[in-house]
Amino acid sequence: MNSAPNKTILNLYLTAGYPDQATSRTLLQALLDHPEVDMIELGMPYSDPLADGPVIQHASQVALESGMTMSGYFELLGSVHNRRQIPVIFMGYFNNVLQYGVEQFVKHGVSCGMDSCIIPDLPPEVFQHDYQSLFADAGTGLNFLVTPQSTDRAIRLADALSHRFIYLVSAGSTTGNTTTDRKHLSEYLRRIDAMQLKSSRLVGFGISGHEEYRVASEYADGVIIGSALLRHLAARQFDPSSIHAFIQTIRYDHTT
Amino acid sequence: MSAEGYYGLYGGAFVPELLRPNLDALAHACIVHREDLSFQAEFSRLLRDYCGRPTPLWYAQRLSAHYRTDIWLKREDLNHTGSHKINNAIGQILLAERLGKTRIIAETGAGQHGVATATVAALKGLSCTVYMGARDIARQAPNVARMRMLGATVEPVSSGSQTLKDATNAAIRDWINHPHDTHYIIGSVVGPHPYPAMVAWFQEVISREIRQQFAEQFGGGLPDAVLACVGGGSNAIGAFSSFMNDDVRLITAEAAGHGLDSPRTAAATFTGRPGILHGAKTMLMQTPDGQVLEAHSISAGLDYPGIGPQLAHLITSGRVRSYPVTDDQALDAGALLARTEGLIPALESAHALALLELPEVRSAGKLVLNLSGRGDKDLDTYQNKRDS
């Protein structure tokens, strides 16, 4: 196994409770233990995930049917062993957080080992106005999305507010779109690169293979992969030992 | 409404960054064209010469005699395509044109908004895709056939409850995936800012006409109460907006489905609590964890677990009084109107008609009821229920 340090950050996404609670825990533990995984995004399933494509929509529906709840999410997070102390990021929609109670969410999340959050439908201005100090006081925060259509002003604000990284959405699309245009992607990443932002830049939405990974590593700090991993796992009966092969296909060029 | 689209606690734009540039452009277009005389002239001309406005205000003599009160019906059912939905579709297609969009998408529940959107897209020669829950496609077959004849693609949505909520999700995702060429014509006063305000703008013609027609028939004066059904709430906001600051009671019927004590309901302000749906903070039917519940109503147009944010504000603040109306009450009220006035109402509008059974509503005085749509599309449902 190639465990040499690789400077491109690899952030892998799982939906909590998918395909069921026990398997989900095993998969999460396998990611935590894999030396080439640098960060994990753990999704809280939502009934109406607007930013997600069919793969994560389906995973969310299955996870909710398997009984995943906000309490179940934190139980899962608290029950695994994060021996390498890698950041685990909450990804979820604002209504779940709002109903749980934002203050309670922050407190409980941090105590279970949550590093920071991605809440795609919580606008930066609302966060700044209503919640920023609540998150900051607990030593956590949000990571904001920017897209190729975002204005420079929106990108600067996302950069200023983000806790661990800014999330560069690779194209105007929901998650899991496999038709990412590499030329546009590199133009977009170069534009962001030229802005000299303070935050790490992770590229996500539509990163499904080594080619997008390569473009992303050239102009950004890392990638986030969700739908492609879920598709890979679903095709292999959610076998945790298949994760290693997936990471190899992403990290290394297999065409030569 | 505030600059960010808040009505009291409700409203806002809780959307991923992916939608922001489009929403900002749309909000800007609303501000510009609201004051633009050529826009207003074209909007008025289409409403008059294409839709058939103004729609009549009809004194319902036999219905009034039945209930021993005075009832006027605002005949939105006489609009081209059979409901008030065309007002908004016309307004939005004109905005889409000015924004340079070439592709139109929409969600639909009962199919009335889908038909209205397919109609205006055909009128302007733009391509059109309508998202519709698979369950609604089955129960509103005539409208599906109309949309197809008008050249629209009807895209079945099989996720979740397979109704209006999921059709709306699918349309929003389509817009995220086609940010440049596409305009999303939302059908009600729901969704992120500027949609609730924009749709209210295009529907306010209803109450402007009521006000004028009522004054003409009485030589002045206002109705004592205005009644409307509420799913998202576009016909209610349209019928109410000119009376907001007057001493006129504003009354809504929410679809209670099998009843408020049953999970098969759609009465969001009675069984819900504040939450976020389709980018707006509003009253919402949800689990303790914030998962959105499936709504149920016999009327596909009211089958929605939320309500427009402005109505959430007006109802929770007491300006608008809302009552729950069950499936059976609506069916009875629809049957009564058919036999007393020779008008078959849409099942949505039948919910408003059922309010007349309530003594406290009847005793309000001179009542104007917004007959938002005609019932041809619902004949199977009326028939099946009578036979069962």
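Author: A:Pro87 counts as partly exposed, because it has 19 C-beta neighbours inside 10 Å and a residue is buried only with 20 or more. This is a predicted model. A:Pro87 sits in a loop of chain A, between α3 (70-79) and β3 (88-91). Leaving aside residues up to four places away in sequence, A:Pro87 touches A:Met39, A:Asp115 and A:Arg164. A:Ser116 is 29 residues from A:Pro87 along the chain, yet their C-alpha atoms are separated by 7.9 Å.

Next, the contact between the chains. On chain A, 29 residues are in contact with 24 residues of chain B. Three elements of chain A each supply at least two residues of the side that touches chain B: α2 (54-65), α4 (94-100) and β5 (145-146). The largest share comes from α4(A), with five residues. By class, the side of chain A that touches chain B has 14 nonpolar, 13 polar and two charged residues.

Now chain B, starting with a pair of helices. Helix α4 of chain B covers residues 85-98, and helix α5 of chain B covers residues 112-124. Their axes come within 9 Å and cross at roughly 40°. That angle makes α4(B) oblique to α5(B). The crossing of α4(B) past α5(B) is right-handed. From α4(B), the contact takes in B:Lys85, B:Ile86, B:Ala89, B:Ile90, B:Ile93 and B:Glu97. Across from them in α5(B) are B:Gln112, B:His113, B:Ala116, B:Thr117, B:Thr119, B:Val120, B:Ala121 and B:Lys124. The residues of this contact between α4(B) and α5(B) divide into seven nonpolar, four polar and three charged.

One more helix of chain B: α8, residues 164-177. Helix α8(B) has 14 residues and reaches 20 Å from its first C-alpha to its last. That is close to the 20 Å expected at 1.5 Å a residue. Helix α8(B) is mostly covered, with twelve of its 14 residues buried. Among the buried residues of α8(B) are B:Leu164, B:Ala167, B:Ile172, B:Trp175 and B:Ile176. The buried residues of α8(B) also include B:Lys165, B:Asp166 and B:Arg173. What do the buried residues of α8(B) pack against? The helices are α1 (20-34) and α6 (134-139) of chain B. The strands are β5 (103-108), β6 (127-133), β7 (153-157) and β8 (182-184) of chain B.

Conventions
Residues numbered from 1 in each chain as written. Chains lettered and ligands numbered in written order. Predicted model: local features only at pLDDT ≥ 70, side-chain atom pairs only at ≥ 80, totals over all residues. Axes fitted to C-alpha atoms, helices over the stretch in contact; angles between N-to-C directions. Helix = DSSP H or I, 4+ residues; strand = E, 2+ residues; numbered from the N terminus. Parallel < 35°, antiparallel > 145°, perpendicular 65-115°, else oblique. Left-handed = near helix turned anticlockwise from the far one by under 90°. Contact = placed C-beta atoms within 7 Å. Nonpolar A, V, L, I, M, F, W, Y, C, P; charged D, E, K, R; others polar. Expected span 1.5 Å × (residues − 1).
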